[in-house]
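I set out to record a few points looked up in this structure. The entries follow in the order in which I took them.

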Amino acid sequence: MSNVGGRVLAACVAIVTLMPAWGIAQPAAPWVRARRLVSRTQNDVRRAASISPSLSSPDRDHFDTVLKHLSDFDRDLTRRRFNKGRLSDSIRDVQRILDHDTLAPRSRDSLQRDAIALRRLRADYDTWHD
């Protein structure tokens, strides 16, 4: 192999080796992306609850319920089990907060984004390949 060919090969190997560090690697596995979405949603729910003006007991229950359902769904994901029923419960609970609770505008926007992403996750599940 010529000296130029060796350098090209070495450069290719270096690029492929460094791709993960540059963030060019394959997207995270669906299970990992799903867990990240659940975590983001849980954080958004907690933030919304903490800055909501005055939560009545039923309103507080809405927040607690969605956190419980998201936690149950996440626990299943750690076992590579996708429980559409628990995900649907979580989506319904987030939507209930959006429909019935007083939220700061930023919290409402975050939870709306989460609800859309959770619905997309549920719709896309059938296309996953391990």
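How much space lies in the largest pocket? I worked on a predicted model, and for the largest pocket I noted a volume of about 160 Å³.

Entry on the pocket lining. I listed Pro-30, Arg-33, Ala-34, Leu-37, Ala-117, Arg-120, Leu-121, Asp-124 and Trp-128 as the residues that line the largest pocket. Two or more of the lining residues come from each of α2 and α5 (105-124). By class I found six nonpolar and three charged residues in this lining, and no polar ones.

Entry on the helix pair. Two packed helices are described by the angle between their axes and the distance between the axes. For helix α2 (residues 30-51) and helix α3 (residues 57-78) I noted an angle of about 165° and axes 10 Å apart. Angles over 145 degrees count as roughly antiparallel, so α2 is roughly antiparallel to α3. I recorded the crossing of α2 and α3 as left-handed.

Entry on the contact. On the α2 side I noted ten names: Trp-31, Ala-34, Arg-35, Val-38, Thr-41, Gln-42, Val-45, Arg-46, Ala-48 and Ala-49. They meet Arg-60, Phe-63, Val-66, Leu-67, Leu-70, Ser-71, Phe-73, Asp-74, Leu-77 and Thr-78 in α3. The contact of α2 with α3 comprises 12 nonpolar, four polar and four charged residues.

Entry on the backbone. Most residues other than glycine have a negative phi. I noted a positive phi, near 60°, for Arg-80, which I located in the loop between α3 and α4 (84-100).

Notes:
Residues numbered from 1 in each chain as written. Predicted model: local features only at pLDDT ≥ 70, side-chain atom pairs only at ≥ 80, totals over all residues. Heavy atoms only, no water. Axes fitted to C-alpha atoms, helices over the stretch in contact; angles between N-to-C directions. Helix = DSSP H or I, 4+ residues; strand = E, 2+ residues; numbered from the N terminus. Parallel < 35°, antiparallel > 145°, perpendicular 65-115°, else oblique. Left-handed = near helix turned anticlockwise from the far one by under 90°. Contact = heavy atoms within 4.5 Å. Nonpolar A, V, L, I, M, F, W, Y, C, P; charged D, E, K, R; others polar. 1 Å grid on protein atoms, 1.4 Å probe; cavity = no way out; pocket = protein on both sides within 12 Å on 5 of 7 lines; lining within 4 Å. Points joined across faces, edges and corners; volume = space filled by probe spheres on them.
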